[in-house]
Structures are given as C-alpha cells and as structure tokens.
Amino acid sequence: MLCTRLTNARFLTMDPDHPVAHDLGIWRGRIVGLDEAVTSLPAHEVIDLQGATVLPGFIDAHVHLAWTGFKEKTPSIAGRTGIDEVLAVVEEAVARKGSPGAWVSIAGYDQRALGRHLTAAELDTVSHGHKVFMLHDSGHGCVVNTAVLDLLPAGTPHDSGFLAEGAMGAARALRLPYSQDELAQAIGRAARTCLAEGVTACAEAGIGGTLFGHSPVELGAYQLASEKGLLPLRVQLMVSADRLRPVAAHEADGIPRALDLGLRTGFGGDRLSVGALKIYTDGGMMARTAALGSPYEGLDHSGQLQDDPDVLADTIVDGHLAGWQLAVHAIGDRAADVALDALERAQRLRPRPGARHRVEHAGLIRPDQLPRFARLGVSAVVQPNFLRYFGDDYAAIMGEERAPWLYRGRAFLDHGITLVGSSDRPVTDGSPLRAVQFMVERASESGRLIGPDEGITVDEALRAYTVAGAFACHWEDSLGSLTPGKLADLVVLGDDPRRVDMSRIGDIEVVTTYVDGRESGKSAS
C-alpha cells in the first residue's frame, strides 16, 4: 500500500524519460512510481491537487541560514535614505539596550542608498557609550563607532569607521559567539522562510569562519536545530577554509591541511551533511570589494583579493588534496583568474575529475574564462536576483563593455558549464521563482535589460534550481527530479512557469511543499 498518492496535477518531473505526469505515488518518503504505475494501487491517503503544477523541490545551492534568521530579528535601516533617519533608528535601538556598553547590531546598511558611507563620528553621536556594529547588506563590510575602533588590534585598516573584509572579521572577533540555542532558533526561522518559497534543500555557504561564521562550534548548532525539529528542509554545510589546520598525516595521504579527524565533503545523512570547503578569494560588488581586472567605472580602484594570490591558491590546492569539494567565492574576473589557476594546478597534482568544484557567484566572467570553466568541469553557482534588484547599479559600475558579462546564463550553458541557481539569502530576495523570471528575461526592477543575450529558457532556468542544484551538491541520486526511487521532495505551485507570461513567473503562488513525502507543517502519518 502506498503512503500517499498525489493526483490530478501537472507534474513537471525534470526527468527526460518521463517529463510530465498526472499521478505520483509515495512510500516511506520516496517516489515509487508515476501515472499508471501507481493509479491502481491502494493508498493510505489520496490527495487531489486540483490541477496544480508540481515540480521537484527547489534547491538553493548558496544560502546563509543563520545570518538570515538573525537579520529577521535585528533592527534595520533598510529603505532609509537620509543620514538623520539612519541615526534615529540607531539611537532607538541603543535605547532598548539596558546594559551600559552593550553591543548593538544594526542590519540593512548599504552606502549606495545614502550616497556615501556613514562614519564612526556620526554613530558616536547616538551610541551613548554602547558598541555599535552596522553590517553591510553584502556581508563584506561594516560600520562601527569609536567604542569598537578602540578595541581593534593596532593597525586594523578602516575608513572613518568603515571596515571591509578581513578588518570586519577583526571587529566580529571582539564579540562573544552566539550560543547554540540562539543559532538553532535563527536557523529554524530562516529554514521556514526558505520552505515557504518552495526551497526544500539548500547549501549553507560557510560555517565557522571569520567572515560569515557565527561560532567556532557552528556545526553543532545545526545538529541541535535538527534534534529540536527546527530544520524542516535538507541542509548541506559548507565549512570555511580558515577552519583547516596543518596535520601530521602520512605523507602518502597527501593531506597537508584538514579539519579535525579528517572530516570532509560527504559526511552526514540525507537531512544534514557536510558539503564543500568554502574559500573566499575576493569581496562583493555592493561594497566595491570584488576583485576586477580593471577599475570600477568612476572609481580609482579595482577591488581587492582576500589575501596574497599565492596564499589563496595554496589554500585551494590543499583543500583539493585533502579530498574536499571546493566552493570558491569569486565574484570579480580577477578573483576568477586566481580560482581557475589554482584549480588547474590542483587537478594536475592529483586528478579528481569527479570533484565537482564550484565557483560561487561567478559575477563577472570574461569571454576568455568560459572555456577554462568548461575544461576544468567547474560549476557556476550564480545569484540571478542580484541583477534583478541591483542590476542598474552593477551595470553602471561595470561599464558598457563588461555589463553583459554579469551573472551569465546562456554563455555558461553554451560552453557546457553546469549553471546552478541560488540566492545568497539574505543579501537579497531568496525566491527561486523570481530568480527564474530574471534568468529568462534579464530585466532589472527598473526594466533595464542587462546582458539580454544571456537569457535562457524557462526549462533551463528551472533545471538550474532542481537538477543542476542537486548535481552541484552531489544529491543527484536522491533529489532534483521526480523520478521513482528518489526522495519525495516537491513544490506545489499555483500555475505552470512554462505556460504563464514571462513577466508573471515570479508572482506564481507557492501553495505548499513536501519533504520526505510529508506536506510542510504536517507530521508523518
């Protein structure tokens, strides 16, 4: 007997052997058959989906759950365009902190809305003895007041209180890490938000590190969230490369640096597992720290690498030698050169054709870099919603020649490169459907077309969030398509993305989701 049979729906399976179905059978959390193979079988429960469209659950291959959860509960200056408005929000947040000298966190900071960066001196006027930490929306910088600057190690670089990249990490290191319970609650909040938008599996893009980590024991918080029933979707954890340390292993093992006990990609189960090693090579475009081959339009600099190129390359090579899948953060084309050079050297030293290394963001990729991606078998994990919401700004700072190279679509596919969709939530909107719409039409919110030749089909965009996401996370045997034998993770939509007008794809209702064959919010029968 089936546990559940879903009927009267349009199942877009993403499986070329059976692309569309009307019935789907579930037994013990797995898909056991489609259409005639299950229509005559008895089932404990038969659910009429009333003509809805059903897809494999969306996979967000690059997200920050803990950060998302904390941001939801943090006072925000998002939408404020005046310095006085911002300072009023900060002063109100400070007033709610009773203990003298406490840390006050503020979210939603983006200097572009203000026309310039805030300064420590300005924050001093409203901080009343507290330590103010205002995180940039990109995650690659912050503004702090003098009370924080005074605590930083001598020589920490800053621009009137604005700290970028490693300098921001120094400020974060001054604070006590979040507790396991605080982290678990934040992770749970974010996971529920993802699920509501049709995401049933995701890759957490960097735990435990200086830049984006929240605790040196962050993995334990995900275990706690799972044990408490706060993790309603599948999560694969990327580990920040700065957690590696030299190890005295056998020379023949060829492992120069590793996590304790040799932990690496693949450890865990189908609900919570360890994924790629996250390596940062540059910053971000919002903060103007992505490393470009030539300067930003209108600026006298071309961003920055996170470290000396040789140090970054050695980290990439060591991670490869230690058996990790690598997720190399490279937004600018100069950073992509560093990543590709190092990955090529790593594969020469120890060929691992099945490693499925990834470049996270691949924000600005020159035409000459595309064949290198293909030759190395590297996936491009892009964030289409960056251009949907920030595209006008990004196109302006890249200039006419480079703007068409931003967050490519068609060029990756035409070169045989696996194109993977993701959000980088909470940097911007996490909706897969709105991202799919952008991948097809390439239009920013203002209507500006950005690299229109990079547009792809709806089917190709849906594959980026299902089949390709599963491939990038080594989940293709269990997720990514509605194929018998795979896990019953599904998203039920109010309309068919392939049949509505392109401009309406992002507004399609997410009716519900199923994980392990159970509707979200319902317990096992």
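Modeller: Buried here means under 20% relative accessible area, exposed means over 50%, and partly exposed is in between (1.4 Å probe, protein chains only). By that rule M14 is buried, because its relative accessibility is 14%. The model is predicted, so local features need pLDDT of at least 70 and side-chain atom pairs 80 or more, while totals for chains, interfaces and linings use all residues. Residues are numbered from 1 along each chain as its sequence is written, and side-chain values use heavy atoms, without hydrogens or water.

Colleague: OK, and where is M14 placed?

Modeller: M14 is in the loop between β2 (10–12) and β3 (20–21), with strands (E, at least two residues) and helices (H or I, at least four) being DSSP runs numbered from the N terminus. The phi of M14 is near 60°, which is positive although the residue is not a glycine. As background, most residues other than glycine have a negative phi, and most peptide bonds are trans.

Colleague: And H361, what is its phi? Buried or exposed?

Modeller: H361 also has a positive phi, about 90°, without being a glycine. H361 belongs to strand β19, residues 358–361, and counts as buried because its relative accessibility is 2%.

Colleague: Which peptide bond is cis?

Modeller: The bond from R425 to P426 is cis, with omega near 10°. P426 itself is in the loop that runs between β21 (419–421) and α15 (432–441).

Colleague: Changing topic, how much space lies in the largest pocket?

Modeller: The largest pocket holds about 1,000 Å³. A pocket is an open set of points on a 1 Å grid with protein on both sides within 12 Å along at least five of seven lines, and lining residues have an atom within 4 Å of a point. There are 37 residues in the lining of this pocket, and S105, R172, R175, Y178 and H214 are the closest to its centre.

Colleague: Which element gives the largest share of that lining?

Modeller: That is β9, with 6 residues. The elements that each give at least two residues to the lining are α2 (65–72), β9 (103–109), β10 (131–136) and α7 (166–172).

Colleague: What about the second largest pocket, which residues lie nearest its centre?

Modeller: In the second largest pocket, D242, Y280, Q306, D307 and L312 lie nearest the centre, out of 20 lining residues. Its volume is about 400 Å³, and both β17 (272–280) and α10 (309–321) supply at least two residues of its lining.

Colleague: How many cavities are there of 30 Å³ or more?

Modeller: There are 3 cavities of 30 Å³ or more, a cavity being a set of points where a 1.4 Å probe fits but cannot get out, and a volume being the space filled by probe spheres set on the points. The largest cavity holds about 120 Å³. S138, H140, I331, F386 and D424 are the closest to its centre among the 18 residues lining the largest cavity, and β17 and α13 (384–402) each give two or more residues to that lining.

Colleague: Last one, about cysteines: how many disulfides does the structure hold?

Modeller: The structure holds 0 disulfides, where a disulfide is a pair of cysteine sulfur atoms within 2.5 Å.
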